[in-house]
Amino acid sequence: MKNLLIAVNSFKECASSTYITSTYKKLFKKDYNVFAHPMTDGGDGFLVVCKDRFKLQILTFKILNSFNNAELKVDVGYDKISKTLYLESADVIGLKLLNKNYRNAAVLNSENLGELFLKIIDKIIQEGIIVNKLIIGVGGTAVTDLGAGMMRILGMNYLSKGIILKELKPVNFVLIDDVDVIYENLPFEIELVIDVDNPLLGNNGAVRVFGKQKGLDKYQMDLVEKGFVNLISLYEQNGFKIKKEKLSGAGGGIAAALQIFFKAKTISAEEFIMHKINLTEIKDKIDYVVTGEGKFDNQSVNNKVTGIIMKNFKNAEKIFLCCGQIDKASKNLLPKNVDAIDFLKFHENVENSMKNIDLSLKKSADLIINRKK
């Protein structure tokens, strides 16, 4: 039997990579020798994948959700052997926490993440838990605030005309004229798994590229970008040596803030997938590959799961790209050994496609099996 790798990312707001992978495994097991590995590039589904892969103990924290002032339960994974915590940023400040009508990065901030950090610190002190490192999957966030909300909760004050701001709205960052940089330090190293290689600032930066999907219009993007520049200038005035071109645009600036204040290291999604999840060990054994995500477009071929898998398994006989939607322009650029299967062909519209993911998985599996006979 031929060896088939299933390496699929989560379909945002539809189905997790673990669910899709387990479903496909059942559908293919009679026809192939299946290697099933749920994938993550740091965004939605990061913790679930890490829990299964690294056999994590789950610690649950309760915080006040600044998005809606309700209680939010957040799971964090703990690896007892390596003394490492795993956190999915989308679980704390993610788009998935908000109805589409309430996505507004002009006013939302990252306070939830700061609250969670304080809860984690309290727990490891009170229970004597040893933590050497916190690995954060950065992706799928609803905020674009350069981590200012997070840092305010950790003790920093942001001032305008001598008045400490109690509410930090990214569109008002241009009004901040002073920063008190005393803050709670974190008693562990931080590593960030990032799914984009965009810089923080500029036309390819966090605000310009990802602002629209988080609810920013063009005018608000201009204001938020100027606010970012203003904050970085204030940080530099307070003694921080910042190489702006090195700051990551992942997570609406969350990654950049963690780099500035906690010297966080970044790990590309490719490094995480190939060396941490360790697909490298099976790279030369695979004949066919099934990969995919909710929507495949020009961003997918960079540091996203599908692009990483197609790059590293380019010598496979055939790669089946199974996605909820596939951008036509991007489809035309696919390598010859990539067979694209767009789930929209099975349904009347996107909404029906998302509601009937099981049907899409079954039909796509049937197509793949029949095409290889």
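Arg 208 is partly exposed in this predicted model, with a relative accessibility of 28%. Its salt-bridge partner is Asp 222, and the closest N and O atoms of the pair are 2.6 Å apart. The pair links distant parts of the chain, with Arg 208 in helix α6 (residues 206-210) and Asp 222 in helix α7 (residues 218-237), 14 residues apart. Asp 222 is partly exposed too, at 23% relative accessibility.

**The network around Asp 91**

- Salt bridges link Glu 88, Asp 91 and Lys 96 in a network.
- Within this group, the side chains of Asp 91 and Lys 96 meet at 2.7 Å, N to O.
- Asp 91 counts as buried because its relative accessibility is 18%, under the 20% cut-off.
- Lys 96 is partly exposed, and its relative accessible area is 39%.

- Glu 351 and Lys 355 form a salt bridge through their side chains, at 3.3 Å from N to O.
- Both residues belong to helix α12 (residues 350-355), where they sit four residues apart, about one turn of the helix.
- Lys 355 counts as exposed, with 60% relative accessibility.

**A three-stranded sheet**

- Three strands make up an open sheet with antiparallel pairing, in the order β8-β7-β9.
- The edges are β8 (163-164) and β9 (178-180), each of which pairs on one side only.
- Strand β7 (residues 157-160) runs antiparallel to β9, and three bridges join the two.
- Leu 159 stands opposite Asp 178, a residue of β9.

Methods: Residues are numbered from 1 along each chain as its sequence is written. This is a predicted model: local features need pLDDT of at least 70, side-chain atom pairs count only at pLDDT 80 or more; totals for chains, interfaces and linings use all residues. Side-chain values use heavy atoms; hydrogens and water are left out. Two strands pair if DSSP finds at least two bridges between them. A salt bridge is a side-chain nitrogen of Lys or Arg within 4 Å of a carboxyl oxygen of Asp or Glu. Buried means under 20% relative accessible area, exposed over 50%, partly exposed in between (1.4 Å probe, protein chains only).
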